[in-house]
Amino acid sequence: MPLPLPNDGLHAVNVYLLEGLTDDGGLVMIDGGWAIPEARKALEEALSAIGRDLDDINHILVTHIHRDHYTQAVELRRLMGARVYLGAGERPGLDLLNKLRGGLACSLKVLREAGAEDVADRVEATYPDRFQASDWEAPDRWLDAETLRFGDRELQVIPTPGHTTGHVVFLDERRGLLFSGDHVLPRITPSIGFEAAAPGGRPLAAYLDSLHLMTRYADARLLPAHGPVADSTHVRVAELLDHHDDRLRKTLAALGDRTHDAFAVARGLSWTRREVAFGDLNALNQMLAVNETGAHLDVLVLRGDVAVAFTDGVNQYTRTR
């Protein structure tokens, strides 16, 4: 069920309802949506169309902590008593978000360390962080790599860090279904390095490892959080890995033989499938572009192609070979 989002980028988040799993006839929901009236109304209408209502939702399995996946799950628990599940790797991000009372602080710090002071200032001015503590309560249960059992149905919880540190996917291996959240998307590449908690490691390196992990399981039908259902997870994973290999080559070429910060390198790259110039992106997408450029540069550092030095509060990158 696609639920509306209040922005001009992604227009909807897909949530999924699983019937026939619990002894009491209740529903298991994958992801919750954004806690806005329009999403709540769309959910109620979709439930009504199948002879159900909000009270039938007993369990909500959330793939990650971003607002468009988590906040309506918390609201439905408060209103209807549904149990909320979230990957254990999201605990530090949730704690930090509540401590800072906002989700942009860490991302703005990363932007400034990337040399993008102007972008950070414009994002801060354009996108005020309307923090509501009630949106960010802890889940009922933290999930590790484990198997959830609802009646005779099993859902494997597979940690897939990268898009966020604690992202998980849910695999119904017997039926060949993967509820992929934002880990594997059919038409776009997930943003990397944009979350309340700074990953502390290398988010793109973790993401690439998580993509490779998907190929160790039997291929499954892809049920993503954004975009249409696809027949093969493996086909899309291969496309995403090829995409990042291409971006790594282009990032290294944009760095060239001089020392640059991630902001300078991002300005030398084109963006989206339409090959848009960096200057033609809005402030939010410029932030995502700079963060992703930094993530690609950090992978190049891990591979020994680039060296990094933290100078005057900014990460400076230099090609080594």
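Which charged end sits over the ring of Phe-263? It is that of Arg-267, 4.2 Å from the ring centre; such a charge counts if NZ of Lys or CZ of Arg is within 6 Å of the ring centre and within 35 degrees of the ring normal. The model is predicted, with local features needing pLDDT of at least 70 and side-chain atom pairs 80 or more, while totals for chains, interfaces and linings use all residues. Residues are numbered from 1 along each chain as its sequence is written, and side-chain values use heavy atoms, without hydrogens and water.

Rings of Phe, Tyr and Trp (its six-membered ring) pair if their centres lie within 6.5 Å, and planes under 30 degrees apart are stacked, over 60 edge-to-face and the rest tilted. Three pairs are found by this rule. The rings of Tyr-70 and Trp-136 are stacked, because their planes are at 20°, with centres 6.2 Å apart. Phe-263 is buried at 14% relative accessible area, and Phe-278 is buried at 5%; buried means under 20%, exposed over 50% and partly exposed in between (1.4 Å probe, protein chains only).

Phe-278 is also among the residues with the most contacts inside the largest nonpolar core, which has 49 residues. Such a core is a set of buried Ala, Val, Leu, Ile, Met, Phe, Trp, Tyr and Cys residues joined through side-chain atoms within 4.5 Å. A second, separate core of 29 residues includes Ile-36 and Leu-54.
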